Amino acid sequence: MTPTDMKKVLKTIGYTLGGLVILLIIACLLIRFAFKEQVIAYINKQQKKEYVELLRNATPYTTHTTQYHFVYRQDTLRAKQIRDFFRLDTLLTDSAATTWEKTLTLAKFVASNIPHANQTKYPQKSNAIDLWKYTREVEPAFNCRLHSILLHELLLSENIINRFVTCLPADTLDTDCHVVNLVWLPEQNKWAMIDSDQQAWLGTPEGIPLSLEEMRERYIADAPMVIHPLFGKGQDFNHGYYCSYWAKNLYWFICWEETGYDKETLPITGRSIILAPPGFTDPNAKKEDIHTTDAKRFWAAPDSE
């Protein structure tokens with residue numbers, strides 16, 4: 001082979017390799033953009049399976065005799081201040097509305113006015129009125145915990161019993177938890193989860209709202225659940241991310257023993273009740289906090305606990 005022929009061969013190989021590189025780049029771009037949604041959905045589906053398996057492998061709850069008592073406090077003066085400040089009479093105009101209908105109205109009010117964000121400056125006062133002022137004067141959005149505190153006090157001002165509950169993953173090094181409101185529906189004699197931060201609630205295929213306890217049980221049993229966006233079907237729930245996110249954050253729970261106004265305005269007082277599978281403990285619990293493995297009592301009706 002002459003030097004000239006060798007140059008031609010090398011040039012041809014160079015063109016071929018260059019074409020392969022271009023094809024690989026195009027393939028990567030197609031995967032990244034054309035199939036991005038399918039890839040994300042697949043990853044979320046796999047993660048959900050792993051999280052559900054952790055729930056299934058957790059030690060079953062057991063009865064527990066630790067002494068505590070959930071108290072749902074009311075303050076008629078504070079309730080009136082909140083109703084007047086937010087003009088709730090202009091929102092809740094249907095006197096025949098059910099507790100759940102009122103809950104959805106208030107959750108939509110919070111969600112439509114305050115987006116989700118991880119605020120850079122934590123508010124000094126965590127109550128409904130001051131949190132609202134915070135979004136108008138300091139930062140326009142805040143995280144799920146502050147969402148739940150605001151909605152907690154709005155619901156409380158309308159005499160709707162509710163807790164804001166921290167929902168956590170099995171991995172104690174994972175700091176990404178979620179906080180939502182758990183609302184008591186006397187018409188249905190059950191709890192229901194409402195998430196103003198992520199603007200949704202979960203229900204049965206028949207449309208019955210589910211509690212956190214029921215959500216956890218349905219993940220374990222692989223029973224169907226339906227995501228209900230607060231603002232209709234057009235809302236993006238990130239190709240299965242919300243389902244995976246909930247599967248992760250239903251391993252254990254924390255809530256205050258006493259509900260009420262200004263629960264997390266400094267100085268914070270009171271103790272938390274922690275529900276977790278037997279053998280699991282909260283590494284950050286205070287000495288006065290209560291660990292329990294008794295799910296039935298933790299999720300008991302307000303008038304039967």
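The model is predicted, so local features need pLDDT of at least 70 and side-chain atom pairs count only at pLDDT 80 or more, while totals for chains, interfaces and linings use all residues. Residues are numbered from 1 along each chain as its sequence is written, and side-chain values use heavy atoms, with hydrogens and water left out.

**The sheet**

Let's start with the open sheet: six strands in the order S4-S3-S2-S7-S9-S10, with mixed pairing. Its edge strands, S4 (190–194) and S10 (290–292), each pair on one side only. Strands and helices here are DSSP runs numbered from the N terminus (strands E, at least two residues; helices H or I, at least four), and two strands pair if DSSP finds at least two bridges between them. S2 (residues 162–168) and S3 (residues 178–185) run antiparallel to each other over six bridges, and Arg163 has Leu182 in S3 as its bridge partner.

Helix H9 (residues 241–248) lies across S2, S3 and S4, at about 85° to S3. Such angles run from 0 to 180 degrees between N-to-C directions, with axes fitted to C-alpha atoms, for helices over the stretch in contact; contact means heavy atoms within 4.5 Å.

**A buried serine**

Ser148 sits in helix H7 (residues 144–157). Is Ser148 buried or exposed? It counts as buried, at 3% relative accessibility (buried is under 20% relative accessible area, exposed over 50%, partly exposed in between, with a 1.4 Å probe and protein chains only). Leaving out residues up to four places away in sequence, Ser148 touches Phe164, Val179, Val180 and Asn181. The Ser148 side chain also comes to 3.4 Å from the backbone nitrogen of Val180.

**Salt bridges**

The count comes to ten salt bridges, each a side-chain nitrogen of Lys or Arg within 4 Å of a carboxyl oxygen of Asp or Glu. Three of them:

| Pair | Closest N to O |
|---|---|
| Glu258 and Arg73 | 2.9 Å |
| Arg145 and Glu264 | 2.8 Å |

Arg145 is in H7 and Glu264 in the loop between S8 and strand S9 (272–275), so this pair ties together parts 119 residues apart in sequence. Arg145 is partly exposed at 22%, whereas Glu264 is buried at 10%. Asp84 and Lys80, by contrast, both lie in helix H3, four residues apart, or about one turn of the helix.

Notes. A polar contact is a pair of N or O atoms within 3.5 Å; within protein, one must be able to donate a hydrogen and the other to accept it, and residues adjacent in sequence count only if both atoms are side-chain atoms.
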